[in-house]
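Thanks for coming. Please have the sequence and the 3D view open while I talk.

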Amino acid sequence: MTVFQARLPNPRKNSRGTAMGRNGRTGNGVVSSRTWKENMSVSNTRLPLVDPQGRTLNYLRVAVTDRCNLRCRYCMPAEGVKQVSHDDILTLEETHRLCSLFSELGVRKIRITGGEPLVRKGVVPFIGSLAKLPARPEVLLTTNGLVLEEHLEELKAGGLKRINLSLDSLDAKTWKKITRREGFEKVRAAVDRVLEMGMGLKLNVVVLPGLNDLEIPDFVELTRHAAMAVRFIEPMPFDGAGKALEDTIDGDEILLRLRAKYELTPIGRQDGAVDNLFTVRGFKGTVGIIEGHSRTFCATCSRLRIDSRGRLRTCLYGAPGVSLLKMIREGGTDDDLEKAIRNDLSFRFKDGKKAELAHHLVGLESMASIGG
Ligand code: SAM
Ligand code: SF4
């Protein structure tokens, strides 16, 4: 039995029947205002989340850990990665409570990310439990695929239908150079297995000039016979080392290279999505470009994030907001949390460039702690 399964169905209760969290603390310790079962049957009386620009926030990305079994060069330094202490990371019960609250607040899509989410103990049943929340949010996973294959059956049985898998090279040596670890074959096997199992698959490829940019056509070829998406991502300044992007590439250049070889038909961005999608003549799948650094999609951004320290982030490029973790552990009720979330949202910047100007630490954080 996993830690999550062991804790959730049989939480210890305090005198109010409230589930007690880690270490059994209440008051200034870990307090959850509702039990897991109560989370499952709550009725929705909360209004949707809307920011000052009128954008509805209906997509939540949760970094369940900052730990990772790879060291991708655009995401983390090779050595000396600073890790968040275990005590400063939300427990899965706390995360479940927040996801439940956000789904009452109109969130329809919850993405579990990290760090590498699959290194978090108990995360597989946890993902299944989110899919069963009363509002039935769509639950999604972003993973580097290294330990994915062994969990696929359980993930699918738990309700996971679609996976985003990061794979930056189709060549074992280049992959190792980018990720600074072994395991390419395991990731490739996971890609094939996801497709065999009929699950939705989007491959994320961060385009790195001089490393994998010449592989763009090889990635497009994957979509010839498979109904999957390949999305090419502009590198963003979140390597945790504070280095500026030394050699980068933007979406326009990626598009030029795609058009040089393929006949593309735009299908555009769907429902606040960040990927600009295209069909390729004669191919089953789609290709896309994510202009994460150019930030061309802010006007319709519907995303909120909870980072690996349990802080709300209303923009990838902005400063962290309220510590939901701290509020929960100080005994905050769901109404308190809702108030704090709405308060942060009232300061949400119009776009990521304005958010970056106001937040001077962009680049010092790793994407692994923010969640991508
Ligand atoms: N470990 C998982 C993975 O790699 O898929 C999930 C977390 S990772 C932070 C989420 C996504 O962010 C991945 O697709 C990754 O490629 C992307 N990413 C990380 N650092 C990035 C950067 N500096 N620029 C652009 N994308 C980045
Ligand atoms: Fe780990 Fe994902 Fe960051 Fe690569 S991109 S180091 S796999 S968190």
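I will go from the whole chain to one helix, then to the ligands, and end with a few single residues.

First, the conventions. This is a predicted model, in which local features need pLDDT of at least 70 and side-chain atom pairs count only at pLDDT 80 or more, while totals for chains, interfaces and linings use all residues. Residues are numbered from 1 along each chain as its sequence is written, and chains are lettered from A and ligands numbered from 1 in the order in which they are written.

The protein chain has 13 helices and eleven strands. Those are DSSP runs numbered from the N terminus, with helices being H or I of at least four residues and strands being E of at least two. Of the 372 residues in the protein chain, 46% are buried. Buried means that 20 or more other C-beta atoms lie within 10 Å of the residue's own; exposed means 12 or fewer, partly exposed is in between, and C-beta atoms are placed from the backbone. Two residues are in contact if their C-beta atoms, placed from the backbone, lie within 7 Å. Among contacts in the protein chain with a separation of 6 or more, 74% are between residues 24 or more positions apart.

Now the core. A nonpolar core is a set of buried Ala, Val, Leu, Ile, Met, Phe, Trp, Tyr and Cys residues joined through C-beta atoms within 7 Å. The largest one has 93 residues, and Leu60, Ile127, Val205 and Val230 have the most contacts inside it. Leaving aside neighbours within four places in sequence, Ile127 touches residues including Ile112, Leu141 and Leu160.

Next, helix H7, residues 184-196. Its 13 residues should span 18 Å at 1.5 Å a residue, and the end C-alpha atoms are 19 Å apart, which agrees. The expected span is 1.5 Å times one less than the number of residues. Which residues of H7 are buried? They are Phe184, Val187, Ala190, Val191 and Val194. These cover an arc of only 125° around the axis, so they lie on the same side of H7; the arc is that of the directions from the helix axis to the C-beta atoms. On the other side, Glu185, Asp192 and Glu196 are exposed. The buried residues of H7 pack against helices H5 and H6 and strands S4 and S5. After H7 comes glycine 198, with a positive phi near 75°.

Now the ligands. A residue counts as near a ligand if its C-beta atom, placed from the backbone, lies within 6 Å of it. Ligand 1 has 21 residues around it, and Ser166, Asn204, Met236, Met367 and Gly372 come nearest. Strand S3, strand S5 and helix H13 each supply at least two residues of that shell. Ligand 2 has 13 residues around it, with Cys68, Cys72, Cys75, Asn144 and Ala368 nearest.

Last, two arginines. Arginine 180, in the loop between H6 and H7, has a positive phi of about 60° although it is not a glycine. Is arginine 180 partly exposed or buried? Arginine 180 is partly exposed, because 14 other C-beta atoms lie within 10 Å. Arginine 295 also has a positive phi, near 55°, and is found in the loop between strands S9 and S10. Arginine 295 is buried, because 21 other C-beta atoms lie within 10 Å.
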